Amino acid sequence: PVWFMRQAGRSLPEYRAARGPGSILDAIAQPELVAELTRQPVERYGTDAAIFFSDIVVPVAAIGFGVDVAPGTGPVVADPFRRKEDLQRLRPLDPATDTPYVVDAVAILAAQLEVPLIGFAGGPFTVASYLVEGGPSKNFATIKALMHAEPLIWHELVERLTDLALASLRSQLDAGASAVQVFDSWAGILTPRHYRELVLPATRRLFAELAESHPDAPTILFGVGTGELLAPMATAGSNVVGIDWRVPLDEARRRVGPGIAVQGNLDPAMCLTTWEVAAAETREVLERAGTEPGHVFNLGHGVLPETDPAILERVVELVH
């Protein structure tokens, strides 16, 4: 199977036409529009799954933490998380009243799609990084300082964010999503020991409790720059581990170990070159993946905005 992270987005002219101006959070609150944006890449590319059009900060924004998504920047927080008292700003998520538009959009898509729908949520560390840093970060110094200087506060923060992700993912599965992906995109900036001690326990709880409530739903865990974390990530409890482009898939399989599928891992920049280059690199990924079962062809991160959709169409055709 083949699908792309961030496959609905600025690279598609039909996306830009339908989406219009305004905050992405405003668009996400419109179920019919979300359904259209989610379907667009499936209809154009012929991918084997639809990726729900949303954002990892939707749950924290919905409970009123004060998060927005700034165009060209990403999630920003006007009043970042800094102290124990800020924990009170993280109340539980009630999807029926806080994010009914998510539930409605998933239900619409479940009725319309002929391929599975993949829902998603942000991983505990990555969402925490935005809340603590106040936006995207280059060195993640503030959140690293909090994790190590205030371990009790960090533990409570990550547990509350795990509960938010769990509630959101369950609501998507209940509404008709077939599988879910957890984007702990920035976990790769941690050392393996710090990841194992400070992030992995909450991630394990997330997948364990998902498996209890939805035992038949496949789960995916993904991060960027996680080559040194693949072994501990493989113990988190997901069925699939996403691999970015930095580690060849044969080596990634060795690090992940048996019984876990891999997803990836074409460098997104290869889709900005010629078709000959993109085709050769696609074949290289497939060759590295080998003949063992359990490979989802994907990019090593999201589709870049400058990507020519015609290249992605041909990548899907080649993989098939």
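Predicted model: local features only at pLDDT ≥ 70, side-chain atom pairs only at ≥ 80, totals over all residues.

Reader: In which strand does Phe183 lie, and is Phe183 buried or exposed?
Author: Helices (H or I, at least four residues) and strands (E, at least two) are DSSP runs, numbered from the N terminus. By this numbering, Phe183 belongs to strand E5, residues 179-183. Buried means under 20% relative accessible area, exposed over 50%, and partly exposed in between (1.4 Å probe, protein chains only). Because its relative accessibility is 15%, Phe183 counts as buried.

Reader: Which aromatic residue forms an edge-to-face pair with Phe183?
Author: Rings of Phe, Tyr and Trp (its six-membered ring) pair if their centres lie within 6.5 Å; planes under 30 degrees apart count as stacked, over 60 as edge-to-face and the rest as tilted. The pair in question has 5.9 Å centre to centre and 75 degrees between the planes, and is edge-to-face. One partner lies in strand E5 and the other in strand E6, so the pair ties together parts that are 39 residues apart in sequence. The partner of Phe183 is Phe222.

Reader: Which residues does the ring cluster link?
Author: Contact means heavy atoms within 4.5 Å. Not counting residues up to four places away in sequence, Phe183 touches several residues, among them Met5, Ile56, Phe120 and Phe222. Ring pairs link three of these names into a cluster: Phe120, Phe183 and Phe222.

Reader: How many residues of strand E4 are buried?
Author: Strand E4 comprises residues 117-122 and is mostly covered. Leu117, Gly119 and Ala121 point one way, Ile118, Phe120 and Gly122 point the other way, and all are buried. In a regular strand the side chains alternate between the two faces of the sheet. The number of buried residues in E4 is six of six.

Reader: Which residue of E5 stands opposite Phe120?
Author: Two strands pair if DSSP finds at least two bridges between them. E4 and E5 pair in the parallel sense over five bridges. In E5, the residue opposite Phe120 is Gln181.

Reader: Which residues of helix H8 are buried, and why are they on the same side?
Author: Helix H8 spans residues 141-149, and its buried residues are Ile143, Leu146 and Met147. They cover an arc of only 100 degrees around the axis, which puts them on the same side of H8; the arc is that of the directions from the helix axis to the C-beta atoms. Their cover includes helices H7, H9 and H10.

Reader: Is Thr203 buried or exposed?
Author: Thr203 is found in helix H11, residues 200-213. Among its contacts are Pro124, Asp184 and Tyr195. With 0% relative accessibility, Thr203 counts as buried.

Reader: What is the phi of Phe140, and where is Phe140 found?
Author: Most residues other than glycine have a negative phi, and most peptide bonds are trans. Phe140 has a positive phi and is found in the loop between H7 and H8. At 5% relative accessibility Phe140 counts as buried. The phi of Phe140 is near 55 degrees.

Reader: Which peptide bond is cis, with omega near -5 degrees?
Author: The second residue of this bond, Asn265, has its place in strand E8, residues 261-266. The cis bond runs from Gly264 to Asn265.

Note on methods. Residues numbered from 1 in each chain as written. Heavy atoms only, no water.
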